[in-house]
Structures are given as C-alpha cells and as structure tokens.
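Please keep the sequence and the structure in view while reading.

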Number of protein chains: 2
Amino acid sequence: MDVPHSSSNAINLGRLATDIGFLLRLAQVKVYERYFREYGDRHIKPGEFSVLWAIAHNPGVRQNVLCQELIIKRSHMTKLVRSLEDRALVSRRVPDEDRRGVELTITDKGQTLVDEIAPWFFAFEDCLGEKMNATEREKLKAQLLKFIASETED
Amino acid sequence: MDVPHSSSNAINLGRLATDIGFLLRLAQVKVYERYFREYGDRHIKPGEFSVLWAIAHNPGVRQNVLCQELIIKRSHMTKLVRSLEDRALVSRRVPDEDRRGVELTITDKGQTLVDEIAPWFFAFEDCLGEKMNATEREKLKAQLLKFIASETED
DNA sequence: GAGATAATGTTTCCTTGTAAACAAAAACCA
DNA sequence: TGGTTTTTGTTTACAAGGAAACATTATCTC
C-alpha cells in the first residue's frame, strides 16, 4: 500500500500514514484545494451551495431539518441562511402553524444561481481523481456511504 | 446505493447525497464525533496528536517539513507547536546550520504521552464503522489513498 | 562582497464552525 | 387553566484554521 506523497525530505509517519481519520482529512483538503482552484468568479462556497441546493429541492423546508440532514449546527446554519437571504437567494417565512420555526424557499434569483452552478458543482467531481476511473470512484463512494451508515446507528 | 440516514422528516438531497465532497465531509464528522465521544480525560486533539506522533518518529524534524507532510499551514503549525511546547511535550532548537528554522524533538514527557495515547488512537479506528469488517475498511483506506495520490500530481 | 531573491517562522486579522446562554413559542401535564 | 418542559432559532463568546504582511536568515547573482 502506497503512502501519500513522499516528497524529497520525506519523513516517517508510521501508522498515521494509513489512519482512516488522517486519510479522510487529506482527501477533504484535496477536494477543497481543487474547488478553490476552479472557483473563478462563482461567489458561493461548498457549504452555501449545499444549503441552497437542499432548499431548492425541498421548498418550504424547516431550517432545523436542514441542520439535521446536512449535519450543520444550528448556530452556524443561522449565519449561512442569513448570508443567503442577504443576497436575496432564499426567503424566510414564519409559518402560522408553528411560529417558532422558519420555512425556507428559494427565490427566482437563487434558482437561477443553482441552475447555473449545479452542472459545474457536480461535474467538478468528475475531474476529481483524474487518475481514478469512474468505476473506482463509484466504489469509493459506495464504501464511504457504507462507512457513514455504519457510524449512524445512534 | 443507499443514501445517508433518512430520518423521519427526510428530505430530498438529490445528487448531493452521493457527492464525493459531501460524503467526505460526513465521514469526517462521524470520525470526530466518535473521537470526542471516547475522548475522556485525554487532553489531546487529533491534530495535536498527529504532530506529536510525527515528531516522535522523526526526531529533529524541521517544522516546515511537518507542515508539508501533515498538510498544515505554517501559521497554524506555529500555534500547535507552541501549545505542545507550553505543555513541555516537545522542545524547539534553532540549528546553527540554518538559523531560520526550528528543529523539533519530543521530550520524555511527550514520549510517555504518545506511548500512552497511541494504542487508543489507532485502536480507535478499529471501532470505527463497526458494521464494516476489517477487509472492507482496508478497501476503503486503499481507495482513499488512491484518491489522494491521484490529486497529488501537482 | 553587495544587493536582490528565496526560505522559514511569527504575528495579525479574518473566516468557518461550535458551545453555551438566551428568547420565544409550542407541547405537555397536573 | 397554569406551570413546566421541549423545540426552534438567535446571540455571544470562543476555537480551529488560513491569508497576508512582516522579520530574520540564507542563498543567488553580478
């Protein structure tokens, strides 16, 4: 099993080099690096896009549900949603049935942005791991799903 | 292909649910959750441990090399190392050959801590994904390594 | 050798994300 | 009904991590 990027002044990482937590961190850093390399003038970050996308696909979704499904803490979600609202990409409505909560819907402007970004956002993944073919990437995804599911027994 | 944790008030995440960046984030969150669930009174965080471990295995390593190998930015590494030094776990030495740099070595106290934590830190991974058997986990790791390598052509 | 350039760490400021305290509105329960 | 508890979202204060400017030392070039 090869070990990640052993440059000239390589050091010995021992078991850490194949630790699953460490590998997950490295993989995510790589994804981020590529994201921002191809970022261009799309002024939307991965987290923001995932929220926008989820609202687009679930009109009127409650903010709280979004937190649970995207695994984002409430205090942070407040900021993300406010930022999207400030840019007129989503709108908030306090429903009469439960005046504690907030229902979120995407605006026309937001939908336009999603339509524009989504192809890039998801195609982006196809450029990921150019040296991995599609089959291998699907296997990796399947195994990540299994891993996540196995940790979600709570 | 199953989709992560569809609770009662599930929503439709569409393609996002199998996006590799999204899955990597979820997987890492799960690892962190478990880490801190089993954290106990071990007052060392994953990042700190990885630095300490790397120093232990590479006595006299240059701080800069550590940055490259662990993919941690210099400004952050400064803080991590200072924190370890403040706890007398590592010691810093400015070598005469190159007075810009810093050589790091682990102290006896640091080594004792590594010896104490390491078995838990790495065994910890064996409890990860209890519903995944060892073979499957090895496959996942192998594919993560391939993924990382394929993104490290720069 | 002297000045320009590069490498290494540190500092300062900013972004992302969380934890804990809080406010408001349900829901529960006697 | 009237209090207690829970749910939901916001605020505030903080931790993790990074970008950019800086200081210091080494290297490179003439």
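How many bridges join E2(A) to strand E3 of chain A? Four bridges do so, and the two strands, of which E3 covers residues 103-106, run antiparallel. The structure is a predicted model, and the values below are computed from it.

**The sheet of chain A**

Strands of a sheet pair through backbone hydrogen bonds, either parallel or antiparallel. In chain A, three strands form an open sheet in the order E1-E3-E2, and the pairing is antiparallel. Strand E1 (61-62) and strand E2 (90-93) of chain A stand at the edges; each has a single partner strand, so one side of each is left without a neighbour in the sheet.

A:Arg93 stands opposite A:Glu103 in E3(A), and A:Val90 has A:Ile106 as its bridge partner in E3(A). The pairing of E1(A) with E3(A) is also antiparallel and consists of two bridges. Here A:Val61 stands opposite A:Leu104 in E3(A).

A helix accompanies this sheet. Helix H2 of chain A, residues 46-57, lies across E1, E2 and E3 of chain A and runs at about 95° to E3(A).

**The sheet of chain B**

Chain B has an open sheet of three strands in the order E1-E3-E2, with antiparallel pairing. Its edges are formed by strand E1 (61-62) and strand E2 (90-93) of chain B, each of which has a single partner strand, so one side of each is left without a neighbour in the sheet. Two bridges join E1(B) to strand E3 of chain B, residues 103-106, and these strands run antiparallel. Within E3(B), B:Glu103 is the residue opposite B:Arg62. Helix H4 of chain B, residues 74-86, lies across E2 and E3 of chain B and runs at about 115° to E2(B).

**How the two chains are related**

Two copies of a chain are related by a rotation about an axis and a shift along it. For this model, chain A can be laid on chain B with an RMSD of 0.0 Å by a turn of 180° and a shift of 0.0 Å along the axis. The two copies are thus related as by a two-fold rotation axis. The same surface serves both copies, since 99% of the contact residues of chain A recur in chain B.

**The surface near DNA strand C**

DNA strand C is surrounded by 20 residues, of which the closest are A:Lys45, A:His76, B:Asn64, B:Arg74 and B:Arg92. Sugar and phosphate account for 62% of the atoms of DNA strand C that come within 4 Å of the protein.

Which elements each supply at least two residues of the surface near DNA strand C? They are helix H4 (74-86) of chain A, together with helix H3 (63-70) and H4 of chain B. The largest share, four residues, comes from H4(B). By class, the residues of this surface divide into one nonpolar, seven polar and twelve charged.

Of the atoms of DNA strand D within 4 Å of the protein, 59% belong to sugar or phosphate, and the rest belong to bases.

| Protein atom | DNA atom | Distance |
|---|---|---|
| A:Lys45, side-chain N or O | DNA strand C, phosphate oxygen | 2.3 Å |
| A:Arg99, backbone N or O | DNA strand C, phosphate oxygen | 2.9 Å |
| B:Arg74, polar side-chain atom | DNA strand C, base nitrogen | 2.8 Å |
| A:Arg82, side-chain N or O | DNA strand D, phosphate oxygen | 2.9 Å |
| B:Ser75, side-chain N or O | DNA strand D, base nitrogen | 3.1 Å |
| B:Lys79, polar side-chain atom | DNA strand D, base oxygen | 2.7 Å |

The elements that give two or more residues to the surface near DNA strand D are helix H3 (63-70) and H4 of chain A, together with H4 of chain B. H4(A) provides the largest share of this surface, five residues. The classes in the surface near DNA strand D are one nonpolar, seven polar and twelve charged residues.

Terms used:
Residues are numbered from 1 along each chain as its sequence is written. Chains are lettered from A and ligands numbered from 1 in the order in which they are written. This is a predicted model: local features need pLDDT of at least 70, side-chain atom pairs count only at pLDDT 80 or more; totals for chains, interfaces and linings use all residues. Side-chain values use heavy atoms; hydrogens and water are left out. Copies are superposed by least squares on the C-alpha atoms of residues with pLDDT of at least 70 in both. Contact means heavy atoms within 4.5 Å. Two strands pair if DSSP finds at least two bridges between them. Axes are lines fitted to C-alpha atoms, for helices over the stretch in contact, and angles run from 0 to 180 degrees between N-to-C directions. A residue is near a molecule or strand if one of its heavy atoms lies within 4 Å of it. A polar contact is a pair of N or O atoms within 3.5 Å; within protein, one must be able to donate a hydrogen and the other to accept it, and residues adjacent in sequence count only if both atoms are side-chain atoms. Ala, Val, Leu, Ile, Met, Phe, Trp, Tyr, Cys and Pro count as nonpolar, Asp, Glu, Lys and Arg as charged, and the others, Gly among them, as polar.
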